[in-house]
Structure formats: C-alpha cells, structure tokens
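Hi everyone, thanks for making time for this. I'd like to walk you through one structure, so please have a look at the screen.

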Amino acid sequence: MATPYVINKRDVIARDNGYGERVYELAGPENGNIHKHCIAIVDIDPGKSSKNHYHPKVEETYFILSGQALMNIDGTDVMLTQGDLVTIPNGAHHKVRNPSDSEVLQLYVTCAEPWTPECSVFLE
C-alpha cells in the first residue's frame, strides 16, 4: 500500500517571482508523485500582478481562496472573488492582478501538463 503524501503550504519554499507574486508548488512530478498535473498556491501582494503570459501546451485552473482577482484573458477582463473558479485553455494570454490595497490575493492553481519554467511564454 502506498504511503499518503501530505504537505502544508508552510512547509514549501516559495518561488518568489520578484514582482509581488509567490508560488508554492504543493504537488507535481518532483514531489507528491503526480505526473500529469501540478497543484500550487499562489499569493499576489496588494496592487501587484502576474506578468501577461500564455502556455502553448498547458491548461490552468485558478480557484480564488481569498481576496479579489482582476483577470484578463485574451483581452477580456473578469473580476473574481472568493469561491470563483476560472479555466484558462492552453494558448490563452492571461494576467491576474490583485486590485486590493491591503489584502493578499490567494489562488489555488492547477496545471495540466505540470508547470515548468519552459512552458510559459511571457509577453511583458
């Protein structure tokens, strides 16, 4: 019988992108013994955003754990709040911004195929 994989965000070293976005990869090919997708928590500081980008071969799903997100997907703005989920097809240009001036935006993110640095094409 396999041993369950259990991890907490506080035990993960964040990948700090240097512009107010921190990615805590909880499970993927390198940890958690899953190979067809990955799971992360992403924190975005007040007034900050991800960079506009797309993934030629990766589908993403964002679920808002706390805060508000202003998403731009292929030129369309969508305001999301706690409990909302948005899907991002491969190839869709997207950016997420935290419009708050005081609250950290926290997202639950899944990627299928698993995210790697080579799978993102940045447009800014």
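Let me start with a question: is asparagine 33 buried or exposed? It counts as exposed, because its relative accessibility is 63% and the cut-off for exposed is over 50%. Before I go on, please keep in mind that this is a predicted model.

Asparagine 33 is also worth a look for its backbone. Its phi is near 55 degrees, a positive value in a residue other than glycine. You'll find asparagine 33 in the loop between strand 2 (21–27) and strand 3 (38–44). Aspartate 74 is not a glycine either, and it has a positive phi of about 50 degrees. That aspartate sits in the loop between strand 6 (68–73) and strand 7 (76–81).

One more backbone detail: the peptide bond from alanine 112 to glutamate 113 is cis, with omega near -5 degrees. Glutamate 113 belongs to the loop between strand 10 (105–112) and strand 11 (121–122).

Now to the inside. The largest nonpolar core has 22 residues, and those touching the most other members are Tyr62, Met71, Val96, Leu105 and Leu107. Two or more residues come from each of strand 3, strand 5 (59–66), strand 6, strand 8 (85–88) and strand 10. Take leucine 107: leaving aside residues up to four places away in sequence, its contacts include Ala40, Val42, Tyr62, Ile64 and Val96.

On to charges. How many salt bridges does a search of the whole structure find? The search finds 3.

In one of them, aspartate 43 and lysine 9 meet through their side chains at 2.7 Å, N to O. Aspartate 43 is in strand 3 and lysine 9 in the segment before strand 1 (15–16), 34 residues apart. Aspartate 43 counts as buried, because its relative accessibility is 6%, whereas lysine 9, at 24%, counts as partly exposed.

Another salt bridge joins the side chains of arginine 22 and aspartate 45, at 2.8 Å, N to O. Arginine 22 is buried, with a relative accessible area of 18%, and aspartate 45 is partly exposed at 24%.

Then there is glutamate 124 with lysine 95, whose closest N and O atoms are 3.1 Å apart. Lysine 95 is partly exposed, with a relative accessible area of 25%.

Methods:
Residues are numbered from 1 along each chain as its sequence is written. This is a predicted model: local features need pLDDT of at least 70, side-chain atom pairs count only at pLDDT 80 or more; totals for chains, interfaces and linings use all residues. Side-chain values use heavy atoms; hydrogens and water are left out. Helices (H or I, at least four residues) and strands (E, at least two) are DSSP runs, numbered from the N terminus. Buried means under 20% relative accessible area, exposed over 50%, partly exposed in between (1.4 Å probe, protein chains only). A nonpolar core is a set of buried Ala, Val, Leu, Ile, Met, Phe, Trp, Tyr and Cys residues joined through side-chain atoms within 4.5 Å. Contact means heavy atoms within 4.5 Å. A salt bridge is a side-chain nitrogen of Lys or Arg within 4 Å of a carboxyl oxygen of Asp or Glu.
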